[in-house]
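This briefing covers helix packing, pockets and backbone geometry in a predicted model. Please read it alongside the sequence and structure shown here.

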Amino acid sequence: MPLSGPRGGEGGASQSLSGFEGPVGGAPHGARSTAARYALLPLRLFLGITFVYAGFDKLFDSRFLSGSGPGSLAHLLDPVHSSASAPWLVSLVEQSPYGFGLALCIGEIAVGVGTLLGLWARVAAAGGALISLCLWLTVSWAATPYYYGNDLAYLMAWLPLVLAGAPYLSADAALHFRRRRRGRMIFS
């Protein structure tokens, strides 16, 4: 059954069969349209702020970046080596805990800032998903039941942003608008 059909009479314009008018049958309009348009904004804000905070928190914690001792990345990974789904990742990090710790800090900050600004939003979200996946496969894999480990939830939260990007209130949207405007001026 088609979503829209010809209106009897004037010009063959279509009318939605679902009762909603719009470019797509059943598409929300008014306040519902606005809410749908900005639905991912709270998720962007939460993930962006959380990752910026996590990155800076680790970066300014002298214990985290130290090679050993309580609070260091190496110390945090010791108990998870045997229970991780990807123990080879833990072994890789243990070879250079300072380097990987610093890379994690910088990665979290870059992902968070990119997400907040909506700059290369899909790339930032993919980076956030990758960080969350690595943490889930190593640090929180053994959480039982699985929903006690928060890294899986973060991974799932990044996926809508990987798919949708940041089409509104973002640097990506501003750059897209600017490119379209320039294209029109050149070819008009």
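In this predicted model, helix α7 (residues 121–138) packs against helix α8 (residues 150–164) at an angle of about 160 degrees, and their axes lie 8 Å apart. Angles over 145 degrees count as roughly antiparallel, so α7 is roughly antiparallel to α8.

**Packing of α7 and α8**

- The crossing of α7 and α8 is left-handed.
- On the α7 side, the contact is made by Arg122, Ala124, Ala125, Ala126, Gly128, Ala129, Ser132, Leu133, Leu135 and Trp136.
- On the α8 side, the contact is made by Asp151, Leu152, Tyr154, Leu155, Trp158, Leu161, Val162, Leu163 and Ala164.
- By class, the contact of α7 with α8 comprises 15 nonpolar, 2 polar and 2 charged residues.

**Packing of α2 and α6**

- The axes of α2 and α6 cross at roughly 155 degrees and come within 7 Å. That angle makes α2 roughly antiparallel to α6.
- The crossing of α2 and α6 is left-handed.
- From α2, the residues in the contact are Arg44, Leu45, Gly48, Ile49, Phe51, Val52, Ala54, Gly55, Phe56, Lys58 and Leu59.
- They meet Leu102, Leu104, Cys105, Glu108, Ile109, Val111, Gly112, Val113, Thr115, Leu116 and Leu117 in α6.
- The contact of α2 with α6 divides by class into 15 nonpolar, 4 polar and 3 charged residues.

**The largest pocket**

- The volume of the largest pocket is about 740 Å³.
- The lining of the largest pocket has 30 residues, of which Leu104, Glu108, Ile131, Cys134 and Leu135 are the closest to its centre.
- Two or more lining residues come from each of α2 (41–59), α4 (73–77), α5 (87–95), α6 (97–117), α7 and α8.
- Helix α7 supplies the largest share of this lining, with 7 residues.
- By class, the lining of the largest pocket has 20 nonpolar, 6 polar and 4 charged residues.
- Leu104 and Glu108, listed among the residues closest to the centre of the largest pocket, also take part in the contact of α6 with α2. Leu135, likewise listed there, belongs to the contact of α7 with α8.

**The second largest pocket**

- The second largest pocket has a volume of about 160 Å³.
- Its lining consists of Arg122, Ala164, Gly165, Ala166, Pro167, Asp172, Ala173 and His176.
- Helix α9 (residues 171–187) contributes the most to this lining, with 3 residues.
- The lining of the second largest pocket divides into 4 nonpolar, 2 polar and 2 charged residues.
- Arg122 and Ala164 line this pocket and are also part of the contact between α7 and α8.

**Backbone features**

- Most residues other than glycine have a negative phi, and most peptide bonds are trans.
- Tryptophan 120 has a positive phi of about 50 degrees although it is not a glycine. Tryptophan 120 lies in the loop between α6 and α7.
- Threonine 144 and proline 145 are joined by a cis peptide bond, with omega about -10 degrees. Proline 145 is placed in the loop between α7 and α8.

Methods
Residues are numbered from 1 along each chain as its sequence is written. This is a predicted model: local features need pLDDT of at least 70, side-chain atom pairs count only at pLDDT 80 or more; totals for chains, interfaces and linings use all residues. Side-chain values use heavy atoms; hydrogens and water are left out. Axes are lines fitted to C-alpha atoms, for helices over the stretch in contact, and angles run from 0 to 180 degrees between N-to-C directions. Helices (H or I, at least four residues) and strands (E, at least two) are DSSP runs, numbered from the N terminus. Angles under 35 degrees count as roughly parallel, over 145 as roughly antiparallel, 65 to 115 as roughly perpendicular and the rest as oblique. A crossing is left-handed if the near helix is turned anticlockwise from the far one by less than a right angle, and right-handed if clockwise. Contact means heavy atoms within 4.5 Å. Ala, Val, Leu, Ile, Met, Phe, Trp, Tyr, Cys and Pro count as nonpolar, Asp, Glu, Lys and Arg as charged, and the others, Gly among them, as polar. On a 1 Å grid over the protein atoms alone, a cavity is a set of points where a 1.4 Å probe fits but cannot get out, and a pocket is an open set with protein on both sides within 12 Å along at least five of seven lines; lining residues have an atom within 4 Å of a point. Grid points are joined across faces, edges and corners, and a volume is the space filled by probe spheres set on the points.
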